[in-house]
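Keep the model open and follow the residue numbers as they come up.

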Amino acid sequence: MNNMHYNKYLYEQLLLEFGKRYIQEIEIPKYLKENINPNFELRPYQTETFQRFICYFEKEFSFKETPVHLLFNMATGSGKTLIMAGLILYLFEKGHRNFLFFVNSTNIIEKTKDNFLNVLSHKYLFSDKIFFNNQQIKINKVDNFEGANQNEINICFTTIQKLHGDLHLEKENAVTFEDFKNKKIVLLSDEAHHSQTRTKNNEQLETELIPSWENTVEKIFRANRKNLLLEFTATMDFLDKNIEKKYKSKILFRYDLKEFRNDGFSKDVNILQADLDEKERIIQALILNQYRQEVAGKYGIFLKPVILFKAQRTIAQSEQNQKNFNNIIEHLTAKEIKNIEEKSNVKLIQKAFTFFDKNRISANLLVNKLKSNFSENKCLNVNRENEKEKYQLMLNSLEDKENQLRAIFAVQKLNEGWDVLNLFDIVRLYTSRDGKAGKPGKTTISEAQLIGRGARYFPFKLAADQDKFKRKFDGDLKNDLRILEELHYHSQNDVKYISELKTALKQEGLLDDDEIEKELILKDNFKKRSFYKTGLIYINKKVVNEYENVKSFSDFGVKKKNIHYEIRTGKGKESDLLAEENSAYFIKKESRDFKIKDFEKHIIKNAISKNEFFKFSSLKRYFRNINSINDFISGKEYLNDIEITMTGLTTDLEALSNKHTFSAMIELLNQIENEIKGNLTEFKGTDKFLPNNISEIFSNKTLKIQKGSERENGQEEFLEDKDWYVFNANFGTSEEKAFVKLFARQISELQKKYDLIYLIRNERHFKIFNFKDGRAFEPDFVLFLKNKNGENLTYQLFIEPKGKFLQQADEWKKDFLIEIKKKYKDQILIFNELNKYKIIGVPFYNTEDENEFKRELFDII
């Protein structure tokens with residue numbers, strides 16, 4: 001192995017061997033993206049996971065191992081099962097038909113069957129219909145691979161315990177060791193950290209005579225060099241040197257909970273500790289939970305927030321908790337609600353009661369809502385093994401409107417394999433702790449892991465440009481909807497326990513000590529000015545692209561160049577490889593051009609019918625001026641004027657068969673489809689910018705900022721006496737701070753021409769949208785300048801400081817700013833005689849080209 005690869009993890013080795021850019025440019029196959037449920041849009045890290053796998057699977061390099069054994073070490077909630085689904089599709093196309101999914105828990109088996117087999121489930125991961133090369137493919141659940149349909153996807157679901165037993169006891173209709181020798185099988189191991197006993201104990205492979213789970217997996221995997229073993233887990237113990245040694249060359253992707261949380265894909269976790277008795281703690285949790293539902297309803301979001309009540313050790317404790325809870329709900333009074341309002345000094349609880357007051361939800365009304373929402377039939381205890389089948393279906397569908405459950409009572413059953421998005425509160429109904437010397441004990445670590453399961457983000461969005469799967473209010477912590485991005489863990493006020501829990505949560509990656517809150521506040525003197533009260537900012541909108549201007553292939557970038565199709569003859573010869581004289585078999589072929597309009601229409605229509613993309617409903621969406629398939633065939637803007645260059649024997653070309661015509665048409669349509677899809681944009685930004693009140697767009701915010709980062713220093717002292725800067729601080733990058741200092745040096749010059757000058761930092765207050773594809777852009781600053789000459793003309797300039805190293809990745813933003821400048825060069829937007837605006841986009845600012853930027857800025861204004 002190359003020295004630079006020595007002692008590195010596999011994912012590090014791949015980056016060294018191929019480079020990050022090469023891997024990021026690997027194209028995800030169209031069949032993979034199109035056969036995944038469109039409701040599950042691939043996230044950037046999931047795309048990168050597939051790119052790394054494709055690189056590993058298709059490329060040759062010195063550290064590649066055969067048979068292929070890889071580990072995906074990915075955070076709880078990051079979509080490991082979606083990665084499995086995508087890999088099944090990819091490997092099916094590569095010739096694999098048989099997949100064995102195994103895990104240690106039956107409840108995970110049932111959940112995964114729902115993901116892979118149940119088309120009616122909202123968690124089903126594949127498209128309603130799976131197509132490869134225009135052929136529909138089915139997914140079959142099988143007990144073994146004997147007689148399995150080798151033209152379809154066959155999945156055997158089992159627990160590691162059952163797999164181990166079936167193989168060693170050779171049960172009827174179960175998988176056998178022979179299956180793994182005679183057929184190439186992809187092994188998908190979930191929660192793979194449970195099958196590492198041999199490795200942890202440092203047992204040698206050659207001395208293992210006693211069968212174990214780990215031995216069994218190794219044996220069936222190595223039975224055939226074409227088998228694959230793909231393991232998935234969030235919690236592999238890499239601090240164990242034996243585990244690390246085994247997996248160092250196998251970890252293809254590592255994405256821990258801290259990274260997952262920092263990227264905004266999880267809820268934020270808050271510990272709500274209170275000096276309350278158990279009953280009061282339960283009522284406080286109920287109030288907060290109901291507040292969430294009311295906030296969601298106000299903004300038109302369907303949400304049924306769930307509470308988990310956690311018992312310490314026994315089922316009996318959990319069942320008693322449920323009885324106590326039912327009793328609390330049955331006898332709940334307005335006085336008890338008022339007691340919490342008066343007693344609690346928690347800001348969030350007080351915010352909830354302020355919300356209730358504003359929305360006329362009295363204590364009596366709140367009691368009625370809680371009695372209805374948390375009635376006995378909406379509570380579930382999930383501890384008894386013999387009732388597992390009954391409750392598993394309910395747990396897997398907690399987000400569904402038809403599922404009325406609001407309260408879950410558990411001990412340990414939900415610590416793994418529970419994919420719930422609408423769990424927002426966990427109430428700890430015991431006070432003991434098992435930590436020692438400030439270190440968290442096993443119970444506390446288990447609690448932290450449970451919190452990790454509840455931290456899965458509840459997807460929602462209010463605007464088309466928002467990512468429904470990411471937190472939206474890290475930069476606006478006071479926003480009402482922030483409560484939908486937070487999980488609360490309700491505990492007694494025990495300083496030692498809270499300290500131990502925080503330690504465990506930090507280890508899990510759910511808490512970050514390095515985050516601090518900063519207040520961004522509009523200056524009082526600015527809020528008194530008429531510009532704040534009556535001034536405007538012009539912003540465009542993101543809209544669905546209706547393709548109203550598309551009237552031909554060329555509008556989608558389809559070039560009407562001839563495609564080439566070769567007619568294979570099937571001719572050849574046999575020759576002696578060792579003969580001194582050896583030559584290729586020469587076949588004389590020629591090429592001719594054929595016009596589509598000369599083909600039989602029934603052949604063209606038959607080829608069109610084989611491709612889902614060219615169904616009339618699909619065509620009509622993109623080409624609104626066609627009224628039938630015949631228009632598409634005979635229109636000169638579409639198929640009519642296209643030609644195909646065919647190469648073949650003269651006899652084949654002179655009497656072109658229907659078969660060859662059909663095959664050529666299929667190839668042509670596939671090429672057209674790829675060109676169109678390469679230019680499709682689901683959204684676009686409107687050309688028209690509309691007025692919005694300054695006072696409604698810009699407001700005070702509480703921001704989360706990394707301690708010690710360049711953003712922590714907000715230039716407060718420098719900006720304190722700058723009336724032209726409307727906020728108290730600038731928590732931007734060093735580049736953004738440098739721009740503000742440059743601007744400060746130009747004020748005296750600008751004041752000669754303008755009597756109104758305001759520079760406003762855009763801390764996620766507004767977005768503008770790229771004309772071409774609707775991509776959202778948040779310019780770092782907007783500058784307002786009003787002429788002194790009495791024209792009532794205000795210049796509105798979008799400004800974006802950008803470091804050199806980022807400019808290439810954000811080139812589209814620069815182009816968009818230039819487009820704005822060109823489009824509005826001669827336009828003045830008139831709101832009324834006192835409010836006239838001119839919109840301008842300014843080229844990127846960076847410190848290295850500061851003088852050039854200054855010259856361009858003054859040329860513009």
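Start with strand β11 and its partners. β11 pairs with strand β14 (residues 423-428) in the parallel sense, over five bridges. Leu308 faces Ile426 of β14 across this pairing. β11 also pairs with strand β13 (residues 407-410), again in the parallel sense, over four bridges. Here Ile307 has Ala407 of β13 as its bridge partner. This is a predicted model.

β11 spans residues 306-310 and is mostly covered, with five of its five residues buried. Val306, Leu308 and Lys310 point one way from the strand, while Ile307 and Phe309 point the other way. Residues on both sides are buried.

**A three-stranded sheet**

Another place to look is an open sheet of three strands. Its order is β19-β21-β20, and its pairing is mixed. β19 (563-566) and β20 (590-595) are the edge strands, each pairing on one side only. On average, neighbouring strands of this sheet are turned by 30 degrees against each other, direction ignored. Strands of a sheet pair through backbone hydrogen bonds, either parallel or antiparallel. β19 and β21 (residues 643-648) take the parallel sense, over four bridges. In this pairing, Glu566 stands opposite Thr647 of β21. Helix α27 (residues 658-677) packs on the sheet and touches β19 and β21. The direction of α27 makes about 145 degrees with that of β19.

**Salt bridges**

Side chains of opposite charge can pair when their charged atoms come close. The structure holds 45 salt bridges. Three of them are listed here.

| Pair | N to O distance | Separation in the chain |
|---|---|---|
| Lys183 and Glu146 | 3.6 Å | 37 residues |
| Lys279 and Glu336 | 2.6 Å | 57 residues |
| Arg745 and Glu850 | 3.0 Å | 105 residues |

Which parts of the chain does the pair of Lys183 and Glu146 link? Lys183 lies in the loop between α8 (177-182) and β7 (185-190), and Glu146 in the loop between β5 (139-141) and β6 (153-159). Glu146 is exposed, because its relative accessible area is 59%, over the 50% cut-off.

Is Glu336 buried or exposed? Its relative accessibility is 19%, so Glu336 counts as buried, the cut-off being under 20%. Lys279 has a relative accessible area of 37% and is partly exposed.

Arg745 and Glu850 also link distant parts of the chain. Arg745 belongs to helix α30 (residues 734-750), and Glu850 to helix α33 (residues 850-860).

**Nonpolar cores**

How many residues does the largest nonpolar core have? It has 85 residues, and Phe53, Phe72 and Leu230 have the most contacts inside it. Helix α5 (residues 80-93) gives the most to this core, with 10 residues.

Take Phe72 as a way in. Neighbours within four places in sequence aside, Phe72 is in contact with residues including Phe53, Ile83, Leu87, Leu230 and Phe253. Thr49, Glu231 and Thr233 are also among its contacts.

Another core lies apart from the largest one. This other core has 64 residues, among them Leu703, Phe784, Leu829 and Ile839.

Terms used: Residues numbered from 1 in each chain as written. Predicted model: local features only at pLDDT ≥ 70, side-chain atom pairs only at ≥ 80, totals over all residues. Heavy atoms only, no water. Pairing = 2+ DSSP bridges. Helix = DSSP H or I, 4+ residues; strand = E, 2+ residues; numbered from the N terminus. Axes fitted to C-alpha atoms, helices over the stretch in contact; angles between N-to-C directions. Contact = heavy atoms within 4.5 Å. Buried < 20%, exposed > 50% of the residue type's maximum accessible area, 1.4 Å probe, protein only. Salt bridge = Lys/Arg side-chain N within 4 Å of Asp/Glu carboxyl O. Core = buried A, V, L, I, M, F, W, Y, C linked by side-chain atoms within 4.5 Å.
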